[in-house]
Each structure stands twice: as C-alpha cells, then as structure tokens.
Amino acid sequence: MTERRVKIAPSILSADFATLGNQVMEAEAGGADYIHIDVMDGRFVPPLTFGPMIVKAIRNRTSLPLDVHMMVMDPGKYVEELAEAGADLVTVHAESPIHLRSVVRQVKEAEMNAGVALSPATPPSAVEEVLPDLDAVLVMTVNPGYGGQAFIEGMVDKIRRMRAMLDERGLHALLGVDGGISAQTAGRAASAGADFLVAGSAIYGVGRGVAEAIAEIRSAAMRG
Ligand code: DX5
Ligand code: ZN
C-alpha cells in the first residue's frame with residue numbers, strides 16, 4: 001500500500017488531435033496533475049509527433065504543469081524553444097546519444113525541471129550519477145514509441161529498485177511510470193513506489209469521459 005497521493009499525467013498521444021485544446025482542458029477539469037507530451041523525432045523512435053509549437057499551443061489552454069517526454073536523438077537542440085514554449089519538466093532519455101549531465105544542466109539553466117527516462121532494458125544505474133540533479137525519473141513500462149502497448153510486468157521490480165535508490169539517498173526526484181498504465185496496472189506501479197503515472201490510451205482511447213478514466217486510474221493507484 002502506498003500512503004502518498006499518486007499524481008496522474010494524461011498523455012495526449014492518444015488524444016483526438018483535431019480537438020487537442022478541448023482534450024487538454026477536459027483532463028484539467030477531470031483532476032489531472034500534469035499534461036504529458038510525447039515528442040518523437042522519427043529517429044530515436046519511428047514515429048514523428050509534435051514539438052515546441054504544440055507545447056506552446058497547449059500552454060495556452062491549461063495552467064497544469066507540462067511534462068515533456070523527449071524521445072529524440074538530440075534533445076539539447078530543443079531546450080531553449082521548449083522553455084520559451086512554456087514547458088515545466090523536460091525528460092530526456094538515458095539512451096539518447098548525449099552527454100546526460102550536460103543536457104540535464106542545460107534544462108536546469110533554462111529554469112525548467114529536468115527528468116531522465118529509462119527504457120525497459122536500461123537499469124537504474126544508468127541514471128545514478130545524475131540523480132541528485134534530477135526533478136524526475138521516468139521508468140518506462142513499455143518500449144518507447146507507441147501508445148496502447150501492454151504493461152511489462154517485469155518492470156515492477158525496477159520501479160521498486162528505483163524507489164529504493166531515491167529513498168536511500170534522500171533525493172527529491174519524483175518517480176514516474178509511463179506505459180500500459182490503466183486501472184488494471186496502476187495499483188502495482190503505485191505500490192512499487194511511483195509518485196506519478198502517465199496514461200494515454202486508458203484515458204483518451206476508451207471512448208468515455210476523460211474525468212471518469214482519470215478517477216478510475218487514481219482510485220486503482222490509491223488501493224495499491
Ligand atoms: C510511449 C509514450 C507514452 C504513451 C503511453 O512511448 O511515452 O507516454 O503515450 O501510452 P499508453 O498509456 O497507452 O501506454
Ligand atoms: Zn511518454
């Protein structure tokens with residue numbers, strides 16, 4: 001069981017892009033804590049999604065913090081533009097061919113919060129050296145690139161190990177979990193120590209109310 005109130009970050013990847021502003025406002029009205037924006041460059045992962053211009057458009061529709069997940073080869077290139085667009089948290093991948101510490105510092109210097117995401121095959125140790133500088137660590141429970149994939153059960157233990165690493169060192173970074181989160185899986189991710197859960201298809205792809213979907217995931221997370 002977890003005592004903390006788990007935060008929910010709806011991922012707009014599964015939203016109706018033709019009515020994106022409304023979809024974001026529905027999430028805010030439905031009690032979302034962040035809006036999760038998946039930036040993909042067609043190289044780090046095959047799909048192309050959106051970039052700073054869409055972040056800026058979303059900024060104009062919500063006061064929620066914008067959590068930007070950079071699935072790109074060269075995230076440093078976009079840090080300034082993301083700051084200007086109004087991003088709050090910029091999460092880069094440990095597997096991107098970058099000097100992680102430099103990019104994390106660049107994000108912090110641009111006065112945003114910095115996160116690092118770990119793909120399923122990447123161990124917690126990959127982020128160990130930059131952990132004290134981070135505001136968030138994102139454990140991926142699917143391979144990055146697509147919404148609607150099945151939660152990889154084997155990642156629950158990694159969430160636990162990441163939680164232990166943060167707690168043992170007394171670090172403040174929030175622990176996020178992204179991929180395959182639904183009312184069926186949220187409890188396991190939360191019990192393993194997640195502070196926030198990202199959910200796309202379970203919020204936007206179910207053909208019913210966004211608020212109802214958020215509430216369902218939240219209550220599953222609280223039950224543990
Ligand atoms: C996948 C993205 C996720 C995605 C999650 O690469 O990082 O944020 O939107 O989608 P679901 O919740 O459908 O697994
Ligand atoms: Zn994501």
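Predicted model: local features only at pLDDT ≥ 70, side-chain atom pairs only at ≥ 80, totals over all residues.
Reader: Start with the metal. Which protein atoms are donors of the zinc ion (ligand 2)?

Author: His36 (NE2), Asp38 (OD), His69 (ND1) and Asp178 (OD) are the protein donors. They lie 2.1 to 2.3 Å from the zinc ion (ligand 2). Along the chain the donors follow the spacing H-x1-D-x30-H-x108-D.

Reader: Which parts does the pair Asp38 and Asp178 tie together?

Author: Asp38 sits in strand S2, while Asp178 belongs to strand S7 (residues 174-178), so this pair ties together parts 140 residues apart in sequence.

Reader: How do I read the geometry?

Author: Start from the ideal. Six octahedral donors have ideal angles of 90 or 180 degrees, and four tetrahedral ones 109.5 degrees. Now this site. The 6 donor atoms around the zinc ion (ligand 2) subtend angles of 72 to 171°, so the arrangement is octahedral.

Reader: Are Asp38 and Asp178 buried or exposed?

Author: Asp38 has a relative accessibility of 4%, so Asp38 counts as buried. Asp178, at 9%, counts as buried too. The cut-off for buried is under 20% relative accessible area.

Reader: Next, the strands. How do S2 and S3 pair?

Author: In the parallel sense, over 6 bridges. Asp38 stands opposite His69 in S3. Both residues are among the zinc donors. S2, H2 and S3 form a right-handed β-α-β unit.

Reader: Where does the chain go from S3?

Author: Through helix H3 (residues 79-85) to S4, in a right-handed β-α-β crossover. S3 and strand S4 (residues 89-93) pair in the parallel sense over 4 bridges. Met70 stands opposite Val92 in S4.

Reader: How many residues of strand S3 are buried?

Author: 6 of its 6 residues, which span 66-71. Leu66, Val68 and Met70 point one way from S3. Asp67, His69 and Met71 point the other way.

Reader: Which strands pair with S8?

Author: Take S1 and S7. S1 and S8 pair in the parallel sense over 4 bridges, with Lys7 opposite Phe196 in S8. S7 and S8 also pair in the parallel sense, over 3 bridges. There, Val177 stands opposite Leu197 in S8. S7, helix H6 (residues 186-191) and S8 make a right-handed β-α-β unit.

Reader: Which way do the residues of strand S8 point?

Author: Strand S8 covers residues 196-199. Phe196 and Val198 point one way, Leu197 and Ala199 the other, and all are buried.

Reader: Now a loop residue. Where is Ala32 found, and what does Ala32 touch?

Author: Ala32 is in the loop between H1 and S2. Ala32 is buried, with a relative accessible area of 7%. Leaving out residues up to four places away in sequence, Ala32 touches Ile8, Pro10, Ala27, Leu64, Ile214 and Arg218. Its C-alpha atom is separated by 12 Å from that of Asp67, 35 residues apart along the chain.

Reader: Last, aromatic rings. What describes a pair?

Author: Two values: the distance of the centres and the angle of the planes. The whole structure holds 2 aromatic pairs. In one of them, Phe17 and Phe50 have ring centres 5.7 Å apart and planes at 85°, so the pair is edge-to-face. The edge-to-face class needs planes over 60 degrees apart.

Reader: Which parts of the chain does the pair link?

Author: Distant ones, 33 residues apart. Phe17 is in the loop between strand S1 (7-10) and helix H1 (20-29). Phe50 is in the loop between strand S2 (35-40) and helix H2 (52-59). Phe17 is partly exposed at 46% relative accessible area, whereas Phe50 is buried at 10%.

Conventions
Residues numbered from 1 in each chain as written. Chains lettered and ligands numbered in written order. Heavy atoms only, no water. Phe/Tyr/Trp six-rings, centres within 6.5 Å; stacked < 30°, edge-to-face > 60°. Helix = DSSP H or I, 4+ residues; strand = E, 2+ residues; numbered from the N terminus. Buried < 20%, exposed > 50% of the residue type's maximum accessible area, 1.4 Å probe, protein only. Donors = N, O, S within 2.8 Å, 3.2 Å for Na, K, Ca; no water. Tetrahedral: all angles 85-135°; square planar, octahedral: opposite > 155°, others 65-115°. Pairing = 2+ DSSP bridges. Right-handed = clockwise from strand over helix to strand, strands pointing away. Contact = heavy atoms within 4.5 Å.
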